[in-house]
Amino acid sequence: MTFENINVEKRGAVALVTLNRPKALNALNTPMMQDLAKAVDALEADDGVNVIVLTGSEKAFAAGADIKEMRPKSFVGAYLEDFITRDWERIATCRKPVIAAVAGYALGGGCELAMMCDFIIAADNAKFGQPELTVGTIPGIGGTQRLTRLVGKSKAMEMILTGRQIDAVEAERAGLVARVVPAASLVEEAMKTAAQIAKLSRPLVSLAKEAVNAALETTLTQGVRLERRLFHATFATEDQKEGMAAFSEKRPPAFKNR
């Protein structure tokens, strides 16, 4: 797959997607997000791909949404085109696991894009923030919603109202990122983690992902009920039989994604 604003590389059952607008610090714009949506569509349909890793450069995962694109828009124009809706949320709807490997700046839309992924592995030089108020707007790609769910109201409110950036250590402590690794080994560590997930049963991984995501949008009672039904559903798969047989026989499982 060839795109103008991103690079896509397949390594075994893992796809590495790299944002590629270096002169703009990977600022998100409509052409880039269209490329990303098309890539996710293709990778989701590819039976040879089980996990996706999304990354940027060492200097910037994505420094925000492109101000040059946004500046001339009017309310009516943005509203009628439903700006940043089509294609921009595609990562969030991907059924396969998506890991964000974040180095450098993940600000505004960049932070929001990272939060759309299933979890974030951050380089020790990563910086996260929602500075939209400092440029005359508010977060519009889920920042007020996802950040609050991940780090709680108090920290989310402070970050959004002040525009303060937090480093990788604070982001991990707050629950925004899963773990922090040296910048030099970020992609390697993310790919290693992705390969570990890719060895598992794809339908069972998708069921687990669905259950975890439901925890952010349902009551505890509803969430546990959904989890229970998805748990019951695993017993209809061949991979459940194989996984438990392999455990009993003290051998590695040979999952077949069915």
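The talk below takes the pockets, then the cavity, then a strand.

Modeller: Keep in mind that this is a predicted model.

Colleague: How much space lies in the largest pocket?

Modeller: About 780 Å³. Its lining has 27 residues, and M115, C117, D118, N213 and L216 are the closest to the centre.

Colleague: What makes a residue part of that lining?

Modeller: A lining residue has an atom within 4 Å of a grid point of the pocket. By that test α4 (109-116), β7 (119-123), α5 (143-151) and α9 (202-214) each supply at least two residues to the largest pocket.

Colleague: How do the residues of this lining divide into nonpolar, polar and charged?

Modeller: There are 19 nonpolar, three polar and five charged residues. Cys and Met count as nonpolar and Asp as charged.

Colleague: And which residues are closest to the centre of the second largest pocket?

Modeller: That pocket holds about 550 Å³ of space. It is lined by 27 residues, with I67, M70, E132, V135 and T137 closest to its centre. Two or more lining residues come from each of α2 (67-70), α3 (75-81) and α4. By class, the lining has 16 nonpolar, seven polar and four charged residues.

Colleague: What makes a space a cavity and not a pocket?

Modeller: In a cavity a 1.4 Å probe fits but cannot get out, whereas a pocket is open. The whole structure has one cavity of 30 Å³ or more. The largest cavity holds about 40 Å³, so it passes that size limit.

Colleague: Which residues line the largest cavity?

Modeller: N50, V51, P97, I197, A198, L200, S201, R202 and V205. Both α8 (186-198) and α9 supply at least two of the lining residues. Six are nonpolar, two polar and one charged.

Colleague: Now the strand. Why is β7 called largely enclosed by the rest of the structure?

Modeller: Buried means under 20% relative accessible area. Four of the five residues of β7 are buried, so the rest of the structure largely encloses this strand.

Colleague: How do you know that β7 pairs with strand β5 and with strand β10?

Modeller: Pairing needs at least two bridges. Strand β5 (residues 98-102) and β7 have four bridges, in the parallel sense, and I99 stands opposite F119 in β7. β7 and strand β10 (residues 179-181) have three bridges, also parallel, with I121 opposite R179 in β10. Both counts meet the limit, so both are called pairs.

Conventions: Residues numbered from 1 in each chain as written. Predicted model: local features only at pLDDT ≥ 70, side-chain atom pairs only at ≥ 80, totals over all residues. Heavy atoms only, no water. 1 Å grid on protein atoms, 1.4 Å probe; cavity = no way out; pocket = protein on both sides within 12 Å on 5 of 7 lines; lining within 4 Å. Points joined across faces, edges and corners; volume = space filled by probe spheres on them. Buried < 20%, exposed > 50% of the residue type's maximum accessible area, 1.4 Å probe, protein only.
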